[in-house]
Amino acid sequence: MGLLSEGSPLTWDETKALAQHVREHGIEQFINLYARLKDRQGDVLKWGDEVEYIIVRFDDEGRAVQVSLRAQEILAKLNEKEAADPQGVKSLWRPEYGAYMIEGTPGKPYGGLLAHFNVVEANMRYRRMEVAALLPPNEFVMSITSFPRLGCPGFTFPPAVPTPDDEACAARSNFFPDEAIFPGHPRFKTLTRNIRQRRGEKVSINLPIFPDRDTKTPVEGSIAALPNHVHMDAMGFGMGCCCLQLTFQACNISEARTLYDQLTPMCPIMLALTAASPAYRGFLTDVDCRWNVISASVDCRTKEERGELPLKNDRFRIFKSRYDSIDSYLSPAGDKYNDVPLVLDEKLYKRLREGDIDHLLAQHIAHLFIRDSVSLFSEKVHQNDREDTDHFENIQSTNWQTMRFKPPPPNSPIGWRVEFRPCEAQLTDFENAAIVCFVVLLTRVILSYQLDFLIPISKVDENMQNSQKRGAVLTERFWFKKNITAIPTGDRAGSPQQAFQPTSQHNGTAAEKEGVEKAEAEDEYELMTIDQIINGKGTFPGLVPLINSYLGSMDVDADTHCTIQQYLKLIQKRASGELITTASWIRKEVVQHPEYKNDSVLNEGICYDLLRKAKDIQDGVLACPELLGNNIASKTTDNIPAAIEKHLTKRC
């Protein structure tokens, strides 16, 4: 969820009055941090995953299921281990937005040994068991992306009722009570209230309803102007979803910028592959993913900023929510693909350039800083800009994008990092581990083979929208680079100014030259299916075959090799359609349920049976070959074998 500063939250009016103060001091903090750490070299590869979970309560007698609002109580017990032995725990636990959510990470990051891939699933399994041990017999921890009946009457335990007319409430939602927001840290309710107040109205989330034979429109409770859509009106509908994220430490800032850029075109591909959330507020929708739901749930832009009114009181027309896909690449090779006009704070951009920040990084930061702070604590207003970074992180951490470029924390052994954020949470530890290991292996192949995935940002944006459509993994095609093994031009050139050198000479008019350059650029990429991207086609090698080629040149122990191959097979079969996505499985379970009335409604009994079955699948009690395949035999283990662990992790 980002920065969790402690203190007394300011009101929105107080926070708004300090917006420019936070921006200006945040920029100074980044300039000082960059000056100290820009030349940092030689950090080892470290990486880790974050899995978000929902605590679910089953009422077997009433065939009902609810989210359990006991995350704070459970977290207190989980955190006792960390407090007693910070360096020795196998897992770390943090709060999330929902009072029914928790986030778990490995106790220590993984390193550069291939054997670490054999530990991930075992650690995820340990985390799940650790939480399960604290729950009563009718409660369970589940890694589901969205609770299908979130916002329906009685969806919480203890019961809580929305109070939209209560001015003291943070959300003032018609569906989502404040009690469902995590109560243990003021950040969450403060964000909820301030986003609503900054926008000038409640957030508005509209998802197209899944059109079935007897679907009724307008949709029940959809008071917005879109009658064939499911309407939601609170931050909790988005931030109350779960995801799977990864963070990588690079050996230096240049490598971090390269990874940030090269992984960006993979974000929509992985979102479609991990699609797991087709149901919202008790309805089947015509989308498979959570991304646009979260984007709209924290969209604090005013009507002027959204372009619905001419600019008068606000500074910018802003084209995206603060939760969305990235808007610019950071590496020299990416410069020529930055084809989307970038709204940025010119004054702050100038200050960054004066502070010796290069153009690409300066425009990235100045773009993030067009946003206001939406959460500020009185104790954090006045800071030492040479030592503190809270003002920078305040805005950095509330730009929730597909990728996040993360500077080292001050006075820390942690290096330059990149966060990969699009993936949806999967039902089982096997699936989550497979996704994590695939993406980490891909980063190793990108750097080792100098792969080039770069395409125009506008095409990535187009892919992001297509990736969320129903059945996108099989039915949609995505823009992708034709020749990914060519070394990016900008990396050879070594500077943003030299990044684009046209491959042919042309002595015509400027318009003709532009046409030639555009044609050459468009010839670099084409529309591909995810099957083709993952498994290959013609002269395009495919990402999994490239990973296998990389692994073939490495010394991999037998157990790790077995585990990795099982993971890669899952990825390949999801891409080809031999296995279905979690979203497709959920949709199938609903429409084939005997209580389903072909009306797009997911009632209490259907939801109960769906999540009971999902729980049995996650626990290995029930086989689900259409989702997981057969003969899963990963050799995952709690510890790296001593014979392998003795080898020191290689430095970059």
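This is a predicted model: local features need pLDDT of at least 70, side-chain atom pairs count only at pLDDT 80 or more; totals for chains, interfaces and linings use all residues.
Start with the whole chain. The protein has 24 helices and 17 strands. Its radius of gyration is 24 Å, close to the 26 Å that the globule rule gives for 652 residues, so the protein is as compact as a globular protein of that length. The C-alpha trace spans about 75 × 60 × 55 Å along its principal axes. Of the 652 residues, 59% are buried. If you take the contacts with a separation of 6 or more, 77% of them come from residues 24 or more positions apart.

Now to one helix, H13, residues 429-449.

Val440 is a residue to look at within H13. Its relative accessibility is 1%, and the cut-off for buried is under 20%, so Val440 counts as buried. What does Val440 touch, leaving aside its neighbours within four places in sequence? The contacts are Trp47, Phe117, Leu246 and Phe248. Take Phe248: 192 residues separate it from Val440 in sequence, while the C-alpha atoms of the two are 8.1 Å apart in space.

Next, the packing of H13 against helix H19, residues 543-552. The two axes come within 10 Å and cross at roughly 70°. Angles of 65 to 115 degrees count as roughly perpendicular, and H13 and H19 are therefore roughly perpendicular to each other. On the H13 side, the contact is made by Phe438, Leu441, Leu442, Arg444, Val445, Ser448 and Tyr449. On the H19 side, the residues are Leu543, Val544, Leu546, Ile547, Ser549, Tyr550 and Leu551. By class, the residues of this contact divide into 11 nonpolar, 2 polar and 1 charged.

What comes just after H13? That is Gln450, with a positive phi of about 50°. Gln450 is in the loop between H13 and helix H14, residues 457-467. At 42% relative accessibility, Gln450 counts as partly exposed.

That brings me to backbone geometry. Most residues other than glycine have a negative phi, and most peptide bonds are trans. Gln450 has a positive phi and is a residue other than glycine. Asn411 is not a glycine either, and has a positive phi of about 55°. Where is Asn411? Its place is in the loop between strand E14, residues 403-406, and strand E15, residues 417-420. With 81% relative accessibility, Asn411 counts as exposed.

Then the cis peptide bonds. One joins Phe157 and Pro158, with omega about -5°. Pro158 sits in the loop between strand E6, residues 156-157, and helix H5, residues 186-199. Another cis bond joins Thr217 and Pro218, with omega about 0°.

Methods: Residues are numbered from 1 along each chain as its sequence is written. Side-chain values use heavy atoms; hydrogens and water are left out. Helices (H or I, at least four residues) and strands (E, at least two) are DSSP runs, numbered from the N terminus. Axes are lines fitted to C-alpha atoms, for helices over the stretch in contact, and angles run from 0 to 180 degrees between N-to-C directions. Angles under 35 degrees count as roughly parallel, over 145 as roughly antiparallel, 65 to 115 as roughly perpendicular and the rest as oblique. Contact means heavy atoms within 4.5 Å. Ala, Val, Leu, Ile, Met, Phe, Trp, Tyr, Cys and Pro count as nonpolar, Asp, Glu, Lys and Arg as charged, and the others, Gly among them, as polar. The radius of gyration is taken over C-alpha atoms; the globule rule is 2.2 Å times the number of residues to the power 0.38. Buried means under 20% relative accessible area, exposed over 50%, partly exposed in between (1.4 Å probe, protein chains only).
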